[in-house]
Amino acid sequence: MIPATLDTKLPRLVTPLPGPAAKKWVQLDDQYVSPSYTRAYPLVVKTGRGAMIEDVDGNVFLDFAAGIAVVATGHCHPQVVAAIQQQAAELIHMSGTDFYYPSMPELAQKLAAIAPGKDPKKVYFGNSGTEAVEAALKLARYHTKRDKFIAFYGAFHGRTMGSLSLTASKAVQRKGFGTLLAGVHHIPYGYCYRCPYGLQPESCCTECATVLEREIFKKIVDPEEVAAIVVEPFQGEGGYLPGPPEFLLELQRICRKYGILLVADEVQSGMGRTGQCRNETLRC
Ligand SMILES: Cc1ncc(COP(=O)(O)O)c(C=O)c1O
């Protein structure tokens, strides 16, 4: 049943923000929860329905971010809730590394059917975005027997050591963690509105990708040592930038030419994140 306060399409503030209950929870959190969780503001969420969320003081907000873009069906969609409840009652523990479960190949088959590209697909299930990226890095090294990576300024790929090495969004995210994965080279992302090379889209010849062949592969890293180019087709933290198709196609051409893998972190359209199918290593 929808809580009465959430049965609305309008936000509603009943206390100053943060409210008294929120302040109490933030204080307790400060005392017991690791400071590695970086919160931008003191929103303490109690419940959500559809596009609305309610905090612990009864303030109701419109959730423009849809979780962090992972609740595409809205908060607590009844069918999603029912599926979770049914699974929890049937079998609550699983370990795909040790045993088989019918639901794994069943879901993998569905994901393989909707993933882009004509080649046969295999699916790896991860617990988070960063884990998917770590898996892609290992897979790329294992498959190519090469160890270098190309990534982009503005990229956010996660906070564990490997994915953090690819992340180049905010220096503070890397600060204090010492030397990261060696052999990661960053270049500017394809962003025509504020072209990093000061060019116009009509006449630029996708400088943002060709710089690889013209400069990077000549002066910094031999392409035959590059395992993968890791790119967000739609940069998120970097400023919600849709990568221009020409830029992505040029990356694909370069990858094909040098036997480099192209790893697309979040391939679906729109803002970026879905809860599950977040990372795809494309064979070019
Ligand atoms: C493109 C991209 N990759 C990876 C991640 C890391 O995901 P997670 O926070 O689930 O580890 C994010 C998180 O926002 C992301 O936007």
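Reply: Happy to. One definition before we start: helices are DSSP runs of H or I with at least four residues, strands are runs of E with at least two, and both are numbered from the N terminus. Please also keep in mind that this is a predicted model.

Me: Got it. How many helices and strands does the protein chain have?

Reply: The protein chain has nine helices and ten strands.

Me: And what box do the C-alpha atoms fill?

Reply: Roughly 60 × 45 × 40 Å, taken along the principal axes. Of the 284 residues in the protein chain, 25% count as buried.

Me: Which domains is the chain divided into?

Reply: There is domain 1, covering 4-84, and domain 2, covering 124-282. Their centres, taken over C-alpha atoms, are 32 Å apart.

Me: What share of the contacts join residues at least 24 apart?

Reply: That would be 63%, counted among contacts between residues at least 6 apart in sequence.

Me: Now the ligand. Which residues come nearest?

Reply: There are 13 residues around the ligand, and Ser128, Gly129, Thr130, Gly158 and Gly236 come nearest. By class, the shell has two nonpolar, seven polar and four charged residues.

Me: Which helix gives the most to that shell?

Reply: Helix 5, residues 129-144, which contributes three residues.

Me: Let's switch to helix 9. Which of its residues are buried?

Reply: In helix 9, the buried residues are Phe247, Glu250, Leu251, Ile254 and Cys255. They cover an arc of only 140 degrees around the axis, which puts them on the same side of helix 9.

Me: Why do residues three or four places apart point the same way?

Reply: An α-helix has 3.6 residues a turn, so residues at that spacing point the same way.

Me: Nice. What covers the buried residues of helix 9?

Reply: The cover includes helix 8 (207-219), strand 6 (226-231) and strand 9 (261-265).

Me: And which exposed residues are on the face turned away?

Reply: Pro245, Arg256 and Lys257 are the exposed residues carried on the face of helix 9 turned away from its buried side.

Me: How far apart are the end C-alpha atoms of helix 9?

Reply: They are 20 Å apart, and this agrees with expectation because the 14 residues of helix 9 (residues 245-258) should span 20 Å at 1.5 Å a residue. After helix 9 comes Gly259, with a positive phi near 65 degrees.

Me: What about helix 3, how many of its residues are buried?

Reply: Zero of its 13 residues are buried, so helix 3 lies largely in the open. Helix 3 runs over residues 78-90, and its end C-alpha atoms are 18 Å apart, in agreement with the 18 Å its 13 residues should span at 1.5 Å a residue.

Me: Where is Tyr240, and is it buried or exposed?

Reply: Tyr240 is in the loop between strand 7 (234-235) and strand 8 (241-242). Tyr240 has 10 other C-beta atoms within 10 Å, so it is exposed. Ala69 has 15 other C-beta atoms within 10 Å and is therefore partly exposed.

Me: Which peptide bond is cis?

Reply: The one from Leu17 to Pro18 is cis, with omega near -10 degrees. Pro18 lies in the segment before helix 1 (20-32).

Me: One more tyrosine: where is Tyr153?

Reply: Tyr153 is in the loop between strand 4 (148-152) and helix 6 (161-166). Tyr153 counts as partly exposed because it has 14 C-beta neighbours inside 10 Å.

Me: What is Tyr153 in contact with?

Reply: Leaving aside neighbours within four places in sequence, Tyr153 is in contact with Ala168, His186, Pro188 and Tyr189.

Me: Last topic: which strand holds Val45?

Reply: Val45 is in strand 1, residues 45-49. Beyond its neighbours within four places in sequence, Val45 is in contact with Ile53 and Asp55. The C-alpha atoms of Val45 and Arg253 are 46 Å apart.

Notes. Residues are numbered from 1 along each chain as its sequence is written. This is a predicted model: local features need pLDDT of at least 70, side-chain atom pairs count only at pLDDT 80 or more; totals for chains, interfaces and linings use all residues. A residue is near a molecule or strand if its C-beta atom, placed from the backbone, lies within 6 Å of it. Ala, Val, Leu, Ile, Met, Phe, Trp, Tyr, Cys and Pro count as nonpolar, Asp, Glu, Lys and Arg as charged, and the others, Gly among them, as polar. Domain bounds come from an automatic or database domain assignment. The expected span of a helix is 1.5 Å times one less than its number of residues. A residue is buried if 20 or more other C-beta atoms lie within 10 Å of its own, exposed if 12 or fewer, and partly exposed in between; C-beta atoms are placed from the backbone. The arc is that of the directions from the helix axis to the C-beta atoms. Two residues are in contact if their C-beta atoms, placed from the backbone, lie within 7 Å.
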